[in-house]
Amino acid sequence: MPHPAIALFRETFGVAPRAVASAPGRVNLLGEHTAFNGGPVLPIAIAARTIVAVGPAEPGLLEAVSNSDGQVIRMRWQEQLPAGWGAYVGGVLRELWAAEALPPGGGARVAVTSDLPAGAGLGSSAALTVAVAKALAELAGAKLTGRQIAGVAFRAAQNHAGGRSSVMDQTVAALAKPGHALLLECASLEASHVPVPKAARLLLVDTGAGHDPLDAALEGRRAECQAAVKRLKVDLPELVWLASWPAEWLARLKRALKEPLRSRAVHVVGETARTRFGAQLLTQGRLKQFGALLYESHESSRRLFECSSPELDTVVHAAKRAGALGARLTGGGWGGAAIVLVGKGEKQVVDAITRAFATAYGRQPAISVIKPSAGARVERAS
């Protein structure tokens with residue numbers, strides 16, 4: 001059965017697409033707010049994907065349509081980009097042009113379909129840019145590596161669309177493997193695939209609470225972390241990233257910093273250690289110990305980084321009372337989703353979360369099972 005993006009392309013432009021590609025959303029298992037501090041993250045790709053069908057257009061013209069609104073955007077992408085999702089697509093064309101990886105003439109038609117909800121903290125904008133880059137590179141016959149695709153997608157978002165996602169999102173969308181998490185060191189971009197035991201059952205709980213304060217709150221946290229680095233350079237002049245502060249010097253850090261910088265820095269240093277240790281535990285199949293790190297991460301995010309929300313806390317506390325191996329917020333916090341690691345008794349955990357959430361908020365959260373899935377790939381164009 002043809003992908004919906006192919007049907008949308010045909011309906012909109014009256015011809016068949018020449019290339020189709022897709023890229024996944026992501027869930028971060030560990031490493032909350034470590035990415036912009038130069039630390040490690042441990043995301044997985046999920047099954048929900050963005051699919052992009054592309055074909056040639058007249059030189060210099062971008063025509064794009066999405067199933068989100070059905071409206072066709074037309075732009076001279078070299079001259080000006082629109083607001084919204086079209087800026088991400090136009091940004092990809094600009095970056096592919098710089099990499100000499102655009103089809104001849106630089107014109108493109110793009111149709112986008114997705115089952116990733118926007119604004120849920122699941123990396124939807126990264127999935128879009130990676131899928132567009134993959135599809136257009138295929139159309140051009142350009143042999144770009146996964147890392148090159150991720151770089152194009154990251155620069156498209158950062159330099160042309162005003163995006164503030166970390167390099168984690170595009171990297172896992174481009175490089176993920178089924179059954180594996182990706183341990184990514186965000187300072188060096190060193191990446192390794194970490195096997196996730198088949199016994200690991202992961203639930204994604206969407207609280208339905210939006211990330212309305214996320215941008216402003218995140219900017220504040222970034223500024224606090226940068227201020228912490230500036231002060232800590234007095235003790236360690238070579239320090240560039242907050243995550244690079246030695247964990248064994250934690251007492252020294254606490255003496256050097258005042259609140260709230262102290263709490264922010266302690267979270268980042270602790271989360272850095274948890275993420276690296278968590279990757280080791282997954283490799284060893286030690287799910288109970290890995291789950292304990294999830295609870296520690298959530299408590300640190302709630303108490304020290306102050307990025308949780310009442311809805312997220314309700315989910316995590318209910319999961320813990322019901323015997324889940326671990327649970328924590330994911331996707332930045334201040335609303336959005338939580339992940340829950342369950343062993344036996346999955347139904348008991350789901351029922352407990354649903355009851356607690358309905359009692360507190362009068363509605364049920366959306367709960368789904370997630371599995372580590374594949375990264376970006378070329379799809380059949382027919």
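The tour returns to H3 below.

**Before you start**

The model is predicted; local features need pLDDT of at least 70, side-chain atom pairs count only at pLDDT 80 or more, and totals for chains, interfaces and linings use all residues. Residues are numbered from 1 along each chain as its sequence is written, and side-chain values use heavy atoms, with hydrogens and water left out.

**Stop 1: the whole protein**

Show everything as a cartoon. The protein has 11 helices and 12 strands. The radius of gyration is 21 Å, close to the 21 Å that the globule rule gives for 382 residues, so the protein is as compact as a globular protein of that length. Helices (H or I, at least four residues) and strands (E, at least two) are DSSP runs, numbered from the N terminus. The radius of gyration is taken over C-alpha atoms, and the globule rule is 2.2 Å times the number of residues to the power 0.38.

Along its principal axes, the C-alpha trace spans about 60 × 50 × 40 Å.

Of the 382 residues, 57% count as buried. Buried means under 20% relative accessible area, exposed over 50%, and partly exposed in between (1.4 Å probe, protein chains only). Among contacts (heavy atoms within 4.5 Å) between residues at least 6 apart in sequence, 70% join residues at least 24 apart.

**Stop 2: helix H3**

Select residues 124–140, which make up helix H3. H3 has 17 residues and reaches 24 Å from its first C-alpha to its last, close to the 24 Å expected at 1.5 Å a residue. The expected span is 1.5 Å times one less than the number of residues.

How many of the 17 residues of H3 are buried? The count is 12, so H3 is largely enclosed by the rest of the structure. Among them are Ala126, Leu128, Val130, Val132, Leu136 and Leu139.

**Stop 3: from H2 to H4**

Keep H2 and H4 on screen and show the side chains of Glu95 and Arg155. They meet in a salt bridge, at 3.0 Å from N to O. The pair links distant parts of the chain, with Glu95 in H2 and Arg155 in H4, 60 residues apart. A salt bridge is a side-chain nitrogen of Lys or Arg within 4 Å of a carboxyl oxygen of Asp or Glu. By this rule the count comes to 19 salt bridges.

Is Glu95 buried or exposed? Glu95 is buried, with a relative accessible area of 11%, whereas Arg155 is partly exposed at 36%.

Now move to Glu100, in the loop between H2 and S5. Its phi is positive, about 55°, although Glu100 is not a glycine. At 74% relative accessibility, Glu100 counts as exposed.

**Stop 4**

Select Arg252 and Asp235, which form a salt bridge with the closest N and O atoms 3.5 Å apart. Arg252 lies in helix H7 and Asp235 in the loop between helix H6 (214–232) and H7, so the pair ties together parts that are 17 residues apart in sequence.

Next, select Glu259 and Pro260. A cis peptide bond joins them, with omega about 5°. Pro260 is in the loop between H7 (250–256) and H8 (261–284). Glu259 also forms a salt bridge with Arg262, the closest N and O atoms being 3.3 Å apart. Salt bridges that share partners join Arg221, Glu224, Arg264 and Glu306 into one network.

Follow H8 along its 24 residues: the helix reaches 35 Å from first C-alpha to last, close to the 34 Å expected. Just after H8, Gly285 takes a positive phi of about 75°.

**Stop 5: Glu306**

Finish at Glu306, in the loop between helix H9 (287–303) and helix H10 (310–321). Its phi is near 50°, a positive value in a residue other than glycine. Glu306 counts as partly exposed, at 43% relative accessibility.
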